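Let's take a walk through this structure together. Have a look at the sequence and the 3D view before reading on.

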Amino acid sequence: MGGAVGNAFAWDSYEACLGQTLGDRWDVLVEQGFWENTDFSQGRWADAFETDSSKFEFAGSQINALPAYNPVSPPGDESFYPLVLVPYDSMRLASGYIGSPPFLIKALEATILKGNDVLVEVNPATAAKYGLKDGRQATLSTPRGKAVVKVHVFDGIMPGVIAIARGLGHTAYDKFLAHKGASYNALSAVVEDPATGLDAAWGIRAKLGKA
Amino acid sequence: MKHEKAKKFGMVIDLDKCTGCGTCMVACMAENNVPFREDDTDKLISVAWMRVYRLTNGKPFPHTEECFLPRPCMQCEGHDGHSPCVSVCPATATDYDMSTGIVSQIYTRCFGCRYCMAACPYHVRQFNWWDPLWPEKMTESLNPDVSVRMRGVVEKCSFCIHRYQTATQKANLEGRRELEEDEYQTACTQACPAGAITFGDLNNPGHAVHQMVKPDPNHGGRPKNPKAFRLLERLGTNPKVYYLSSRKWVRRAGDNYIRQEGSQNHS
């Protein structure tokens, strides 16, 4: 930035600004990459707000736009689709309109893509319950569609939830990306929040069975 | 022959800073003309000089933690330059350079017996099962300073030795014998957006890597930095790539321990 705008700031650069405003914490950040507040203790969220949802609610009392808190469930029949499928973003996979280039596809972890199949994260308890084995093919179905995937048994995912990486299942682009894996977009559905009209659900009910 | 006076290029990778984004891998492949295939998901035959591994602490949900670990060539010094791969090569296609501490790979001498791959405990060395093939036009973006490798030879991370050669030639032309720290840096070091990789001469007190893993003579030469460790240190390969982690389970994952073994190691 230059001219009058640049002169309006007291610092020569953004880094100088961060250094001055963060003080000692900036040195710690540069040194070890993170800064830990040892005095921090988590608030008692369960009774922090006296609202129906026990969470922060923001609405005009005049128009009464938020008459009641109604939790939104992921779409699908729980008795037929016992699991919940959620998408996640991998640092090594472009998940937007632009697809991953070949070097990035090659750099993708073996826990996300194997052959032409995307791997979905499944908790060991979920895998045991449905007889799924690590690395094996499985059929993933939701109310919206079906896909062949491979199972990645992983402790880091919550039991009852399946996670799929965003950014695969393209039909466009080159042979290094196209027709590899499955897209969450093709399997998901929208649930409208009655108060705002926005898409409110993160995830969709799903079933995972042996292929 | 010990090489105290000589250079000993090494790397320190701070795993607390690594986000696992894979930029180091991409930068390495672009810099060193590493090819890719339509299906490169079989990591046993996929050629990558730098590979980022994903570790977990093995604890059940919700106590699971992850750590990403980038793995270039460890440039093992072993004892007096007897690194595992150099010792077994029948073609002298790989050697330990006492003046830099870099383990070379001479593609034109390699006849593909793959003894070195069996000897390397880090899966650093990889075999070209196919001739490299780039998409049309992409051959124009190949790095002219690095030769491409043919089918039937082994390749591995070179610590971007061509950059050292170029920088040394430039310095010599300018009448200098010594390089500045920033004149020779590897592609992965420069590309890392988190600043997790530090590269330099471990023998030079003026270089950051020297300060980060300064040896403690009272502790068998182990780095004074309690966060520092190396991979499979107990094999005696004496790697020049050091890792830093504030997490004990990550440091312990760097070596093999038998069950119930004293937890005082590397604590």
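Which residue in β6(A) does Val122(A) stand opposite? Val122(A) stands opposite Ile162(A). Keep in mind, as you look for that pair, that this is a predicted model.

That pair is a handy way into chain A. Strand β3, residues 117–122 of chain A, pairs with β6(A) in the antiparallel sense, over two bridges. Strand β1 of chain A, residues 83–88, also pairs with β6(A), but here the sense is parallel and there are five bridges. To find a spot in that pairing, look for Pro87(A), whose bridge partner in β6(A) is Ile164(A). As for what holds such pairs together, strands of a sheet pair through backbone hydrogen bonds, either parallel or antiparallel.

So what about β6(A) itself? This strand covers residues 161–165 and is mostly covered, with four of its five residues buried.

Now let's hop over to chain B. You'll find seven helices and eight strands there. Its C-alpha atoms fill a box of roughly 50 × 50 × 40 Å along the principal axes. Of the 267 residues in chain B, 37% are buried. If you take the contacts in chain B between residues at least 6 apart in sequence, 60% of them join residues at least 24 apart.

Four of its strands form an open sheet, in the order β6-β1-β8-β7, with mixed pairing. At the edges stand β6 (197–201) and β7 (228–229) of chain B; each has a single partner strand, so one side of each is left without a neighbour in the sheet. Elsewhere in that order, β1 of chain B (residues 9–14) and β8 of chain B (residues 241–244) pair in the parallel sense over four bridges.

Finally, turn to where the two chains meet. The contact takes 24 residues from chain A and 26 residues from chain B. On the chain A side, α4 (102–106) and β2 (113–114) each supply at least two residues, and the largest share, four residues, comes from α4(A). By type, the chain A side divides into twelve nonpolar, six polar and six charged residues.

Key: Residues are numbered from 1 along each chain as its sequence is written. Chains are lettered from A and ligands numbered from 1 in the order in which they are written. This is a predicted model: local features need pLDDT of at least 70, side-chain atom pairs count only at pLDDT 80 or more; totals for chains, interfaces and linings use all residues. A residue is buried if 20 or more other C-beta atoms lie within 10 Å of its own, exposed if 12 or fewer, and partly exposed in between; C-beta atoms are placed from the backbone. Two residues are in contact if their C-beta atoms, placed from the backbone, lie within 7 Å. Ala, Val, Leu, Ile, Met, Phe, Trp, Tyr, Cys and Pro count as nonpolar, Asp, Glu, Lys and Arg as charged, and the others, Gly among them, as polar. Two strands pair if DSSP finds at least two bridges between them.
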